[in-house]
Amino acid sequence: MSHTTATARTGQTADRASLLRSSLSTRATAVEAAIDRLLPPVPGAEGRVIDAMRYATLGGGKRLRGYLTAEVASLFDVDDARSYRVAASVEMLHAYSLVHDDLPAMDDDDLRRGQPSTHRKFDEATAILAGDALQTMAFEILADEATHPDATIRIRLVAALAAASGAAGMVGGQMIDMEGEGRSLSLPEVERLHALKTGCLIRYAAEAGALLGQADLTVRARIAAYGRDLGAAFQIADDVLDATASAEELGKTAGKDQAAGKSTYVALLGVDGAAREARRVAEQAEAHLDIFGPEADRLRDLIRYVVDRRS
């Protein structure tokens, strides 16, 4: 490869990285605004739980799941108002899981997104109620006609989120994670744990955009497979970060998995081996997008972002 060709490719990579950063920022701002509109402060005694819900959802985070929903929906020319409602709902569901995950009975973490966890900012009872309310509100948003005029589409969105977040999805993965503390899990067991705990919601976020766009089953399956593998790459990279990054970089307590005696990709494969596995799964994720042209470039660039990130 000539020096000129190498320089040109480096420039193209830098340009695409810049475009992705701009896209992430723009969509994160829009998702934030949608959450703010859907969850306004209220007076009265119940205002405290609303304040806790807003604290848990607003003012931080990568908005990866919301980004996925909106970006996939854009492939099918979905109206922004609809896609950002669904993006907001998945971010609320995700926020509920983090609020509960940080509780003393779960991961017992005092730091989230660089600030006190919700139960530290408020109290444990309020945090539990805030998580409960965020979960139910996510489904309330999906069931509303403003999300889509076709009730069949709304039902599909509700059913898919329920499957992704319940005992056969995220909650089941959390249970496996807690049961696995202090004992060694095999690589297939760790893969299943994270496919449920983290992967199911990320896969849903991508598939929700295709559901909104009324994509055919073949295309939906490709998008779901992309989301599944993106979620796996994200989790493997997360394990590497937990072992190598500082609390300041992460915005949460570093080294928690090792301290809790959890089986991770890093524990099983080592840092270098886990990094290689993240890249392998990332390539697999990208292959699912080969039916799309350049309009899916941001989704392709997102794969590299989740593997290379430092927070």
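In the predicted model, R220 forms a salt bridge with E207, the closest N and O atoms being 3.6 Å apart; a salt bridge is here a side-chain nitrogen of Lys or Arg within 4 Å of a carboxyl oxygen of Asp or Glu. R220 belongs to helix α10 (residues 217-244) and E207 to helix α9 (residues 187-212), so the pair ties together parts that are 13 residues apart in sequence. Helices are DSSP runs of H or I with at least four residues, numbered from the N terminus. Both R220 and E207 are buried, where buried means under 20% relative accessible area, exposed over 50%, and partly exposed in between (1.4 Å probe, protein chains only).

Helix α10 also contains R222, whereas D290 is in the loop between α13 (265-287) and α14 (297-308), so this pair ties together parts that are 68 residues apart in sequence. The side chains of R222 and D290 meet in a salt bridge at 2.5 Å, N to O. R222 is partly exposed at 27% relative accessibility, and D290 is exposed at 55%.

In total, the structure holds 18 salt bridges. Among them, that between the side chains of R48 and D123 has an N to O distance of 2.8 Å. R48 lies in helix α2 (residues 47-57) and D123 in the loop between α5 (118-121) and α6 (124-143), so parts 75 residues apart in sequence are tied together by the pair. R48 is partly exposed at 40% relative accessibility, as is D123 at 28%.

Residues are numbered from 1 along each chain as its sequence is written, and side-chain values use heavy atoms, with hydrogens and water left out. For this predicted model, local features need pLDDT of at least 70 and side-chain atom pairs count only at pLDDT 80 or more, while totals for chains, interfaces and linings use all residues.

Definitions and conventions. Helices (H or I, at least four residues) and strands (E, at least two) are DSSP runs, numbered from the N terminus.
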